[in-house]
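Here is a short report on helix packing and aromatic contacts. The sequence and structure come first.

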Amino acid sequence: MTDKELRKIMAESPEEGRRMLFDEYCGYVYAICANKLKNCGTKEDMEECLSDTFAAAFRYLDRCKDVEGDLRGIVGTIAKRTAISCFRRLSPKSDTTVSIDSDSFGEIASDNSVEESAERSLLNETVLNIINSLGEPDSAIIVYFYYYGMKTRQIASILKMSDTAVLKRLSRSRKKLKKLLSEAGITEEGYT
């Protein structure tokens, strides 16, 4: 469904439009929320973040009806900001702030070098961009299956597809993804 069609439905029937917006971007938003909260939140926290994101998106779209722009970009930005706020709320402040004068300051040093972390972060971002280039629902299926370890039955339920359709799309997406990663110079040894 195009943004133009979705905006038309939202103008004619706000409730139906909201439902369709949720259905269209639920997987995308959940992936953003889960990625930001995976180290500090529970599944319930991720679902709450998902709900908060859509509540904020609905408020924004109701308030700014004349604003043009890519709905995926708008919803994605709201999701990232909501997830960051949730991350900050869930992260224990006492573990993240240490005085330089503290005796334990020297114990904070990481075993990982900054260079390795930066390279790893860049590699992750590149892989996620390639996954996103597959388009929906293929990118969501890959993220749910590989990043969150969901079964195809669970994915089918979330995306409102048959289990068989998810399996076929997963198989095709793997082949496309392998080719795209290879073209980008990313091998299985380079990404684990």
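## A charge over a ring

In this predicted model, Arg72 lies over the face of Tyr28. The distance to the ring centre is 3.9 Å.

## Aromatic pairs

The count comes to 3 aromatic pairs. In one of them, the ring centres of Tyr30 and Tyr144 are 6.3 Å apart. Their planes meet at 50 degrees, so the pair is tilted. Tyr30 sits in helix α2 and Tyr144 in helix α7 (residues 138-147). The pair links distant parts of the chain, 114 residues apart. Both Tyr30 and Tyr144 are buried.

Phe54 and Phe58 also form a tilted pair, with centres 5.9 Å apart and planes at 40 degrees. Both belong to helix α3, 4 residues apart, so about one helical turn separates them. Phe54 is buried at 2% relative accessible area. Phe58 has 17% relative accessibility and also counts as buried.

## Phe22 and the cluster

Phe22, Phe54 and Phe58 make up one aromatic cluster. Phe22 belongs to helix α2. Its relative accessibility is 30%, so Phe22 counts as partly exposed.

Leaving aside neighbours within four places in sequence, Phe22 contacts Leu50 and Phe54. Val75 is 53 residues from Phe22 in sequence, yet their C-alpha atoms are 9.9 Å apart.

## The two faces of α1

Helix α1 (residues 3-12) has the buried residues Asp3, Leu6, Arg7 and Met10. They cover an arc of only 100 degrees around the axis, so they lie on the same side of α1. Their cover includes α2 (14-37), α3 (43-63) and α4 (71-90).

The face turned away from that buried side carries the exposed residues Lys4, Lys8 and Glu12.

Note on methods:
Residues numbered from 1 in each chain as written. Predicted model: local features only at pLDDT ≥ 70, side-chain atom pairs only at ≥ 80, totals over all residues. Heavy atoms only, no water. Buried < 20%, exposed > 50% of the residue type's maximum accessible area, 1.4 Å probe, protein only. Arc of directions from axis to C-beta. Contact = heavy atoms within 4.5 Å. Phe/Tyr/Trp six-rings, centres within 6.5 Å; stacked < 30°, edge-to-face > 60°. Lys NZ or Arg CZ within 6 Å of the ring centre and 35° of its normal.
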